[in-house]
Amino acid sequence: MREAGKITGEALAYAHGLVREGISTKYLDERLRAFFEKHGAKPSFLGYGGFPGCACISVNEEVIHGIPSEDKILLEGDLVKIDVGAYYRGYHGDSARTFPVGSVSEEAQRLMAVTKQSFYDGVQFAMAGNRIGDIGSAVEKCVKDAGFSVVRNYVGHGIGQALHEDPEVPNFGTAGRGVRLYPGMTIAIEPMVNAGGHSVRVLQDDWTVVTVDGSLSAHYENTVAITEHGAEILTDVGDG
Ligand code: MG
Ligand code: MG
């Protein structure tokens, strides 16, 4: 899991370095595909449920599951969310970041900062003996206090030999409730935060999830391992 996580984190750091105005999301996807190949890993998302890309790349009001496209060109001021997973020696990593294209609005900057902070508020509670609801309630509180909303229709998840395993890891909940955490569990904590309302819908491509009100959305995800003493973040390579 550490090795798969490391490749996943490095893939995102690599993608971060490529983000700039004028490139297509398909270009990012192709570069990521080459990156995985070079590192002997398989892209976890390619073909998952029929998904056609190597990464999910979602822009602005797109929340998650954006399909990489030649026609989707990044523009100055956009927020681009890149979500990738590496499958390596039988295990998956899963991580997402939100990157600005050039300079972005103050609201977009605050949305990115709050989304990242909400992950860290939640991960504090990801330790043996705590419960899933402890994580979700901390994430939700951070987001609500900032005046933003947490997406409720999509949640984090267990991860290991399969990309998505039990338990679900919602970004909302009640402290003290839900599945108990034990050492050795590996989960993906992934706040999806909207600047406006929490409602989302799926576009006609059957994949892309967008905010109903058209507001901006941000995503921040890491795969973490539960230990007695807290969470070990497996996909963080110190970039964004
Ligand atoms: Mg992901
Ligand atoms: Mg995930």
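This is a predicted model: local features need pLDDT of at least 70, side-chain atom pairs count only at pLDDT 80 or more; totals for chains, interfaces and linings use all residues.
Distant parts of the chain come together here, since Asp-83 belongs to strand β4 (residues 79-84) and Glu-221 to the loop between β15 (217-219) and β16, 138 residues apart. Asp-83 and Glu-221 are both buried.

Strand β16 (residues 222-227) also turns up in the strand pairing. It runs antiparallel to β11, with four bridges between them, and Val-224 of β16 is the bridge partner of Ile-187. Strand β11 (residues 186-189) pairs with β9 (residues 156-158) too, again in the antiparallel sense, this time over two bridges. In that pairing, His-157 stands opposite Ala-188. As for the side chains of β11, Thr-186 and Ala-188 point one way while Ile-187 and Ile-189 point the other, and all of them are buried.

Now for the rings. Searching the whole structure turns up six aromatic pairs. One of them joins Phe-35 and Phe-36 edge-to-face, with 6.3 Å from centre to centre and 80 degrees between the planes. Both of these phenylalanines are buried. Another pair brings Phe-51 and Trp-207 together: the ring centres are 5.0 Å apart and the planes meet at 80 degrees, so this one is edge-to-face. Phe-51 lies in the loop between β1 (42-43) and β2 (56-59), and Trp-207 in the loop between β13 (200-202) and β14 (209-211), so the contact ties together parts that are 156 residues apart in sequence. Phe-51 is buried, at 3% relative accessible area, whereas Trp-207, at 22%, counts as partly exposed. Ring pairs also link Phe-35 and Phe-36 with Tyr-14 in a cluster.

The charged end of Arg-97 sits over the ring of Tyr-220, 4.2 Å from the ring centre. Arg-152 places its charged end over the ring of Phe-172, at 4.0 Å from the centre.

How values were computed: Residues are numbered from 1 along each chain as its sequence is written. Chains are lettered from A and ligands numbered from 1 in the order in which they are written. Side-chain values use heavy atoms; hydrogens and water are left out. Buried means under 20% relative accessible area, exposed over 50%, partly exposed in between (1.4 Å probe, protein chains only). Two strands pair if DSSP finds at least two bridges between them. Rings of Phe, Tyr and Trp (its six-membered ring) pair if their centres lie within 6.5 Å; planes under 30 degrees apart count as stacked, over 60 as edge-to-face and the rest as tilted. A charge sits over a ring if NZ of Lys or CZ of Arg is within 6 Å of the ring centre and within 35 degrees of the ring normal.
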